[in-house]
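Hello,

Here is the structure we talked about. Please open it first, then read my notes below.

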Amino acid sequence: METPLPSNDELESFSKAVNWKLIEQQRNQFNSMVATLSKDPNRNNTLPLEDLSECVGAPVQTTSAPDDIDAPNVLYLEKDGHQYILGSYVSTRYRKGKSIMEAMTPYNLNPAVNHTNLNETATPAVRMRALGAEIELGLLHRDGRGPTEAEVKEYKRHYAENARRVGITPQVDNEACVYQIETHVAPGVGYHKTRHSLEGIMQSLVASSEETGLMTAILSSYPTESDFRMSPDPKVQTAVDLMIDMNSHFPEYGERLAKARDRYHCDQPYHHVEMFRLQGCHIHLDIAGRSEALGLFTFYTMLRSASAAANVATLKGGPFVNGTCDAELLCTREYLRHTTATGNYIDIPTSPHLSPNG
């Protein structure tokens, strides 16, 4: 299988050229300086590369012009021909009024860490990476009607209040579908901590449903008719434009979309994102690891049984789309992923019954 990921030989070569401890030292110094500069109101409209370079002891470079403060950018260092990322920030459109330093996201991947030198990384923070989670879910009335925007906002307000009461992150965001929301668990070290936070999310969701009368979908797609209306959020609209443009370069995806519309008796000419956007509930467990190998190792050793249970409960099944039951292929979620170039992320279905001998 072709992959853009580096090979073991490339990772080991990088590790010999750039010691992992150097990257960790520079990364910590960079993060400390970013935290300091983010509190300085005089630096709101500048990218102080000289200060950052002096702090880390090496020239900090950018992938885009540093004087274009409205554009997104990636900051990185270079040693002996090898580049490694320090952090990045999004464009003005997505900063929500924050300065560049406030919007800066540190990069947590250390490419100099690989399976041959893990024994050197003795700290618990390196051995067990931070773990976060998010739950995406659709909202609907008991009779199957979709909520209004005002009702979704009210549900989000109740969720934030209930989350604070149980001591978890009160963050809740809009998703691509206007009837869908996304709740988050802040990354932390230790699976049990994340599991406790997930339980808190569940409690907050139940309490919010009782207070607002809105129910949460527990299938991978709605068993009721839906107009698949997209959120007007600028971030969502940008993603929609990108996905539609990408799919236009692949004629076969136009054919897949037409077949999906016919299969589920869609009375509107839904585009790729509307057809792909499922409004049911599913859970993501994300590990922030310094190397792909370390992250996968932690996943399989710490989360295998729990993630399998979550997959069975919320990602499989869901035979309904647009009010039509799919008797031929129960996992509509995996089927609809194949209607877009971006939805089919690894070209391998996660549902066993879509695999040979699955």
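**What turned up**

E149 is partly exposed, with a relative accessible area of 38%. Keep in mind that this is a predicted model.

**Salt bridges**

E149 has a charged partner. The side chains of R229 and E149 form a salt bridge, at 3.5 Å from N to O. E149 sits in helix α6 (residues 149-166), while R229 lies in the loop between β8 (215-216) and α8 (234-247), so the pair ties together parts that are 80 residues apart in sequence. R229 is partly exposed too. Its relative accessibility is 33%.

Another one links R145 and D143 through their side chains, at 2.8 Å from N to O. R145 has 48% relative accessibility, so it counts as partly exposed. D143 has a relative accessible area of 54%, so it counts as exposed. The cut-off between these two classes is 50%.

Now look at E24 and R27. Their side chains meet in a salt bridge of 3.2 Å, N to O. Why are they about one helical turn apart? Because they are 3 residues apart in helix α2 (residues 20-37). Are E24 and R27 buried or exposed? Both E24 and R27 are buried.

**A buried isoleucine**

Next, find I201. I201 belongs to helix α7 (residues 191-212). Its relative accessible area is 0%, so I201 is buried. Which residues does I201 touch, leaving aside neighbours within four places in sequence? The contacts are I135, Y159, I168, T183, H184 and V185. Take H184 from that list. H184 is 17 residues from I201 along the chain, and their C-alpha atoms are 8.2 Å apart.

**Cavities**

Last, the empty space. Rolling a probe the size of a water molecule over the atoms shows where such space is left. The structure has 2 cavities of 30 Å³ or more. The largest cavity holds about 60 Å³ of space. What kinds of residue line the largest cavity? Its lining has 5 nonpolar, 5 polar and 1 charged residues. To find the largest cavity on screen, select its lining:

- S221, Y222, T224, S226 and F228 are among the lining residues.
- R277, L278 and Q279 also line the largest cavity.
- F320, V321 and N322 line it as well.

Best wishes

Technical notes: Residues numbered from 1 in each chain as written. Predicted model: local features only at pLDDT ≥ 70, side-chain atom pairs only at ≥ 80, totals over all residues. Heavy atoms only, no water. 1 Å grid on protein atoms, 1.4 Å probe; cavity = no way out; pocket = protein on both sides within 12 Å on 5 of 7 lines; lining within 4 Å. Points joined across faces, edges and corners; volume = space filled by probe spheres on them. Nonpolar A, V, L, I, M, F, W, Y, C, P; charged D, E, K, R; others polar. Helix = DSSP H or I, 4+ residues; strand = E, 2+ residues; numbered from the N terminus. Buried < 20%, exposed > 50% of the residue type's maximum accessible area, 1.4 Å probe, protein only. Contact = heavy atoms within 4.5 Å. Salt bridge = Lys/Arg side-chain N within 4 Å of Asp/Glu carboxyl O.
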